[in-house]
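User: Hi, I have a two-chain model open here. Can you walk me through it?

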Amino acid sequence: MTEPTTKAAAPSAGKPVATDPATGRVEREFTVKDRSQFQQTMRRFLRHKLAVGSLIVFLLLVLFAFVGPHLWKYQYTTITPDNSVPPSMKHPFGTDNLGHDMFAQVLRGLQQSIKVALSIALIATVGGTLWGTISGYYKGFVDNALMRFADLILTIPSLALAAALANNFSGSWWIIAIILGGLAAPYVGRVVRGMVLSIREREYVEAARALGASDIRIMLRHLVPNAFAVVVVNATLLVASGILAETSLSFLGFGVRPPDTSLGVLITLGQGAVNTRPWLFYFPGLFIILVALTVNFLGDGLRDALDPQQTRQRR
Amino acid sequence: MLAYTIRRVLISVPVLLGSTILVFIMVKLSGDPLESIKLRNPPPPPQTIKLEEHRLGLDQSWPLQYWNWLKGLVLHGNFGAAVQPSDNIGSEIGSHLWVTMRLVFFSVLIALILAIITGVLSAVKQYSALDYTTTFFGFLFLSMPVFWFAVLLKSWGIWYNQNVSANTFYTIGDKSVVLENDTTWGHITDVAGHMVLPTIVLGLAGYAGWTRFTRASMLEVLNSDHVRLARAKGLRSRKVLVRHALRNALIPLTTVTALDIAALLGGAILTETVFQWQGMGALFVQSLRDKDAHLMMGWLLVSATIVILFNLIADLLYGVLDPRIRHA
């Protein structure tokens, strides 16, 4: 990125370059304005229109999911006298065969799905970062043990493993989140380990060690912050894959279970009605796509903004 | 290369064993497989339950159960007794695996071909209309639940069939129950017809990530010095693109494809459930419903082997794509 980080200083009107007597700094013709890494990243991110737009839409969806149920006239459990009516002014998304208002159901489903997806991303990111940092920093036996365990989880289709695990529990949303988050952690762990393996050989880590910094301090102050960019991008993409994983699990019958609901439960219940009462199937599906799409765009924008090697100018 | 292969296979044995132990414990914790028999009305005589417990080895301790299963598998190639008395786990897995593998194989093939073509084109013509279209569809399929798309496509198939009053798209099952044209060719076309919609679903699910990946790694290679040199030498642009750029861009794609196979098997479970195929997906759901530890372990052993095999193939392909990585 060839950003203009230099700004022309006030014209020095033919004066020779002199030292400022007060500060002792050299007065130059061009002064460089300092920008922290955060500021640079923000500038680059804000220039990425699609990502900024996605962030706004995503935040609106979150607001919609968490505030909406309090404002809407029906609860998701309310059974209205209208059975299976198509979308109308009274029921914008129609109703199901029991008379549940689909708009209220979608609001609740969206809320539960966002909660699950954000928790998955949080659990997987924190767990995976710890896993990868410890594994990469200590190397040797610890690394071997942790990575073989990661291999073990990665060789099994995670949907199968999640279903087998969730089969043991009732389907509350936080159990689903812990299971799916835990199963996504090895992926994050592997990526972080790769980063840590190269960072730990850098001079500044060596310097910190020479100065007597403890292992914990090196990990928290040097390794994790330097792997941060990759972790953040991964976490964003995990939100998108998390929301999809939840729907898949619910479809197989091992996810969130009725009477509670999620977008996955809603499309599973609506799949039989796709030709007769399409609103039951399409509306929840559209919201899943909307959430996943905005989060994916957001992750893409973050990746571009955080990648220091990014040299291509985006149009 | 042979020594490398053998070493890799040997390393994967403990991983496989570990995963079966993990799953064994998980299924054991999930409950009693004989619950449905015990709850029968009128209750079955205690001898029946005793016999069933003995048949499934439930009267032994867990470690002993696992050991017996392992012994039977290694010595006799026997996957153990299934909860459904009529099932033989080995032959069940065999027939179901064939159904699933042809779906996965063709999906991967189609997805890779499409992903490489569109990925390369959108990298070469960056920011063109084609690039934006590919990117949009890539993101769209990346953000769509596999089974939602499967149900959607199935319903379109049914709708189309009703409109033309002909059975153009098969939407249920992996083959017809009764076949009018009972010849080899008839069987092949019948199976192929049933595969069309599920393959599109699973193929597009894989395509989404891979086309993004191909584009990114192509862009990286196209900006590198050796491609600039190849151009400066005056090589024809097609040759530069295929021999110098694509070949290098394929190396990371190989890794990603192999890593995604596990996820694709998960997608196959969903696709098969929607289209009511008798594949590994159905077998998996059955093992969970029956709380059948032996069936589950057999299922897992086979799918984990497939994942490991694909990873091995990917590693061997590195050597073909990149002469610097030769496995001694």
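User: What should I know before I start?
Analyst: This is a predicted model: local features need pLDDT of at least 70, side-chain atom pairs count only at pLDDT 80 or more, and totals for chains, interfaces and linings use all residues. Residues are numbered from 1 along each chain as its sequence is written, chains are lettered from A and ligands numbered from 1 in the order in which they are written, and side-chain values use heavy atoms, with hydrogens and water left out.

User: OK. How many residues of chain B are in contact with chain A?
Analyst: 45 residues of chain B are in contact with 41 residues of chain A. Contact means heavy atoms within 4.5 Å.

User: And how much area do they bury?
Analyst: About 3,900 Å² between them, with 74% of it on carbon and sulfur atoms. Buried area is the accessible area (1.4 Å probe) that two parts lose on being put together, summed over both.

User: Which three residues of chain B supply more than any other three?
Analyst: B:Tyr127, B:Phe147 and B:Trp148. They supply 17% of the area that chain B buries against chain A.

User: How many salt bridges does the rule find across the interface?
Analyst: One. The side chains of A:Asp300 and B:Arg212 meet there, at 3.4 Å from N to O. The rule wants a side-chain nitrogen of Lys or Arg within 4 Å of a carboxyl oxygen of Asp or Glu.

User: Which helix gives the most to chain B's side?
Analyst: H10(B), with eight residues. Helices here are DSSP runs (H or I, at least four residues), numbered from the N terminus.

User: What about residue classes on that side?
Analyst: The side of chain B that touches chain A has 33 nonpolar, ten polar and two charged residues. Ala, Val, Leu, Ile, Met, Phe, Trp, Tyr, Cys and Pro count as nonpolar, Asp, Glu, Lys and Arg as charged, and the others, Gly among them, as polar.

User: New topic: H11 of chain B. Is that helix mostly covered or exposed?
Analyst: Mostly covered: eight of its eleven residues are buried. Buried means under 20% relative accessible area, exposed over 50%, and partly exposed in between (1.4 Å probe, protein chains only). Among the buried ones are B:Met280, B:Phe284 and B:Asp290.

User: What covers them?
Analyst: The cover includes H5 (158-166) and H8 (215-252) of chain A, together with H5 (89-124), H10 and H12 of chain B.

User: Where does B:Ser287 lie, and what does it touch?
Analyst: B:Ser287 lies in H11 of chain B. It counts as buried because its relative accessibility is 1%. B:Ser287 touches B:Asp292, B:Leu295 and B:Met296, not counting residues up to four places away in sequence.

User: Where are B:Tyr127 and B:Gln276?
Analyst: B:Tyr127 is in the loop between H5 and H6 of chain B, and B:Gln276 is in the loop between H10 and H11 of chain B.

User: Are those two buried or exposed?
Analyst: B:Tyr127 is buried, with a relative accessible area of 15%. B:Gln276 counts as partly exposed, at 45% relative accessibility.

How values were computed. Helices (H or I, at least four residues) and strands (E, at least two) are DSSP runs, numbered from the N terminus.
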